[in-house]
Amino acid sequence: MVQEWHREEYTISTDRQRLDLQEIHNFLANHSYWAIGRSFEAVKKSIDHSLPFGLYRDTQLVGFARVLTDYVTFAYLADVFVVESFRGNGLGQWLVEVILAHPELQSLRRWLLVTHTAQPFYRKLGFTELEHPEQHLEKPVLKTDIRLP
């Protein structure tokens with residue numbers, strides 16, 4: 001079900017039809033530190049398999065985030081961005097607050113995200129370091145191991 005939230009001339013929407021995939025790909029592949037060089041096909045596939053949130057000023061996409069989730073116990077917040085010229089107005093904070101308050105995500109036991117630079121931002125929104133990092137494992141994958149159709 002598509003949902004929308006409004007603040008002045010801004011809208012956050014889960015409507016996939018509204019997403020500007022070219023603009024999302026451009027930002028991720030060319031302006032983010034975490035997805036440089038990501039192909040358009042990979043961006044599209046990642047959005048197809050996530051709950052996406054577009055942030056718009058009128059009809060212009062100015063921010064984006066997506067959530068990978070089972071809607072019951074776990075969610076991973078990914079690819080969060082606000083276009084540089086729109087930063088500093090609280091839009092990123094509003095975007096993440098809307099995501100965390102999404103009605104279908106209220107039964108979750110754990111949210112996870114990874115960031116190299118925005119820890120203070122996410123701490124203000126309730127995120128903390130892992131309580132028991134010794135219980136968490138990861139399996140690093142070399143970029144050469146990733147093959148997308």
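Modeller: Start with a cut-off: buried means under 20% relative accessible area, exposed means over 50%, and partly exposed lies in between. Keep in mind that this is a predicted model.

Biologist: Why is Arg18 called partly exposed?

Modeller: Its relative accessibility is 28%.

Biologist: What makes Glu4 and Arg18 a salt bridge?

Modeller: Their side chains meet at 3.2 Å, N to O. The limit is 4 Å from a side-chain nitrogen of Lys or Arg to a carboxyl oxygen of Asp or Glu, so the pair counts. Glu4 sits in strand β1, while Arg18 sits in the loop between β2 and α1, so the bridge ties together parts that are 14 residues apart in sequence. Glu4, at 37% relative accessibility, is also partly exposed.

Biologist: Why are Arg66 and Asp79 called buried?

Modeller: Arg66 has 9% relative accessibility. Asp79 has 7%.

Biologist: What makes Arg66 and Asp79 a salt bridge?

Modeller: The gap is 2.7 Å, N to O. That is within 4 Å, so the label holds. Arg66 is in strand β4 and Asp79 in strand β5, 13 residues apart. A network of salt bridges links Arg38, Arg66 and Asp79.

Biologist: How do you know that β4 and β5 pair?

Modeller: Count the bridges: 6 join β4 to β5. Pairing needs at least two, so they pair. The two strands run antiparallel. Phe64 stands opposite Phe81 in β5. The strands form a hairpin with 4 residues between them. In its turn, Tyr71 has a positive phi of about 65°.

Biologist: What is the partner of β5 in the parallel sense?

Modeller: Strand β6, over 3 bridges. At least two are needed, so this is a pair too. Tyr76 has Leu112 in β6 as its bridge partner.

Biologist: Why is β5 called largely enclosed?

Modeller: Of its 9 residues, 7 are buried, so the rest of the structure largely encloses it. The buried residues of α1 pack against β5, and also against α2 and β4. Among those buried residues are Phe27 and Leu28.

Notes: Residues numbered from 1 in each chain as written. Predicted model: local features only at pLDDT ≥ 70, side-chain atom pairs only at ≥ 80, totals over all residues. Heavy atoms only, no water. Buried < 20%, exposed > 50% of the residue type's maximum accessible area, 1.4 Å probe, protein only. Contact = heavy atoms within 4.5 Å.
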